[in-house]
Amino acid sequence: MVESRTVSSETLMNIRANDSEIHDLIMWLESFDERPGLDVLGKRLEILDVDIESLRELIQSAPDDYCRNTLFRSDQFELVVIIWRPGQDTPIHDHIGSDCAFLILEGESTETTYDLNSEGLAFPISSRVYRSGEVCAAEEPDIHRVSNDGDGELINLHVYTPPLHAFNVYDLAS
Ligand SMILES: [Fe+2]
C-alpha cells in the first residue's frame, strides 16, 4: 500500500528557502488560473534544476511500498515528490480529471503504458526508461505504471493539475 505523507509547513518553508528552483516553480504554477497544459508544464519541468541533496534530507521513502511526499497542494495544482526503492512500483492506474507530468530527479524511471481489452483488463502497449533530467507526461486518459527497475532509489517530482482527486486501478490481463 502506497505511503502518503504531507511535509510540514516548516519543512516546506525550508525547502523553498534553500532551493529557489522549487520556490519559483510554485510561484509559476500559482500564476495560472487554468491548468497550463502538459506541453507547457513539461517544458517548465525540463529546465528545473533541483538541489536533490538538500531535498532528499527532508523527504522519506518507505520499506514496503513507494512513498508520496506532498510538498504543496492548492485548488489548482499539487507538487509531490515520489520515492521508489528498487523493485517498488505503482499499480496500473489512470488520472481522472488531472494532467500529470514528472521530472526524474534521481534514478531510472520505467513507465509502462497500457490499453484495455474487452474485459477491462490492462495489457502493455509501450515501455520506456526515463533518466535523471528527463520529463514524463501523462494525459488524463492515459493508463500507466511507474516502476523502479534499477538498483538505486528513484525520485520523481510530480506536478498534478488540478490535484489528483481520484484514479482507477486496473488488473493486468493474463
Ligand atoms: Fe500516474
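In this predicted model, Cys100 has Tyr160 of β10 as its bridge partner. Strand β5 (residues 99-106) and strand β10 (residues 154-161) run antiparallel and are joined by seven bridges. Elsewhere in β10, His158 stands opposite Phe102.

**The sheet**

Strand β10 also pairs with β3. Seven bridges join these two strands, and they run antiparallel. Here Val159 of β10 stands opposite Leu79. Strands of a sheet pair through backbone hydrogen bonds, either parallel or antiparallel.

Where do these strands sit in the sheet order?

How many residues of β10 are buried? Eight of its eight residues are. Leu154, Asn156, His158 and Tyr160 point one way from the strand. Ile155, Leu157, Val159 and Thr161 point the other way. In a regular strand the side chains alternate between the two faces of the sheet.

Thr161 and Pro162 are joined by a cis peptide bond, with omega at about -15 degrees. Most peptide bonds are trans. Pro162 is found in the loop between β10 and β11 (169-170).

**The helices**

Helix α2 has a buried side and an exposed one. Ile22, Leu25 and Leu29 are its buried residues. Seen down the axis of α2, they fall within an arc of 60 degrees, so they line one face of the helix. Ser20, Met27 and Glu30 are exposed on the other side. What covers the buried residues of α2? The cover includes α1 (9-18) and β10.

**The core**

The largest nonpolar core has 34 residues. Which of them touch the most other members? They are Val81, Ile82, Ile83, Ala101, Phe102, Leu103 and Val159. Several elements each supply at least two residues of this core: α2 (20-30), α3, β2 (67-73), β3 (78-84), β5, β8 and β10.

| Residue | In contact with |
|---|---|
| Ile83 | Ile59, Ser61, Tyr66, Cys67, Glu153, Leu154, Ile155 |
| Glu106 | Ile52, Ser132, Glu153, Leu154, Ile155 |
| Asp51 | Asn18, Asp19 |

Glu106 is in strand β5. Is Glu106 buried or exposed? Glu106 is buried, because 20 other C-beta atoms lie within 10 Å, and 20 or more is the cut-off for a buried residue. Glu153, Leu154 and Ile155 are among the contacts of Glu106, and they are also among those of Ile83. Glu106 and Ile83 are 23 residues apart along the chain, and their C-alpha atoms are separated by 9.3 Å.

Asp51 lies in the loop between α3 and α4 (52-56). With 14 C-beta neighbours inside 10 Å, Asp51 counts as partly exposed. Between the C-alpha atoms of Asp51 and Asp99 the separation is 25 Å, and the two residues are 48 apart along the chain.

**The whole protein**

The protein has four helices and 11 strands. Its C-alpha trace spans about 50 × 35 × 25 Å along the principal axes. What is its radius of gyration? The value is 16 Å, which agrees with the figure near 16 Å for a compact globule of 174 residues. Of the 174 residues, 34% count as buried.

Methods: Residues numbered from 1 in each chain as written. Predicted model: local features only at pLDDT ≥ 70, side-chain atom pairs only at ≥ 80, totals over all residues. Pairing = 2+ DSSP bridges. Core = buried A, V, L, I, M, F, W, Y, C linked by C-beta atoms within 7 Å. Buried ≥ 20, exposed ≤ 12 C-beta atoms within 10 Å, placed from the backbone. Contact = placed C-beta atoms within 7 Å. Rg over C-alpha atoms; globule rule 2.2 N^0.38 Å. Arc of directions from axis to C-beta. Lists of a residue's contacts leave out its neighbours within four places in sequence.
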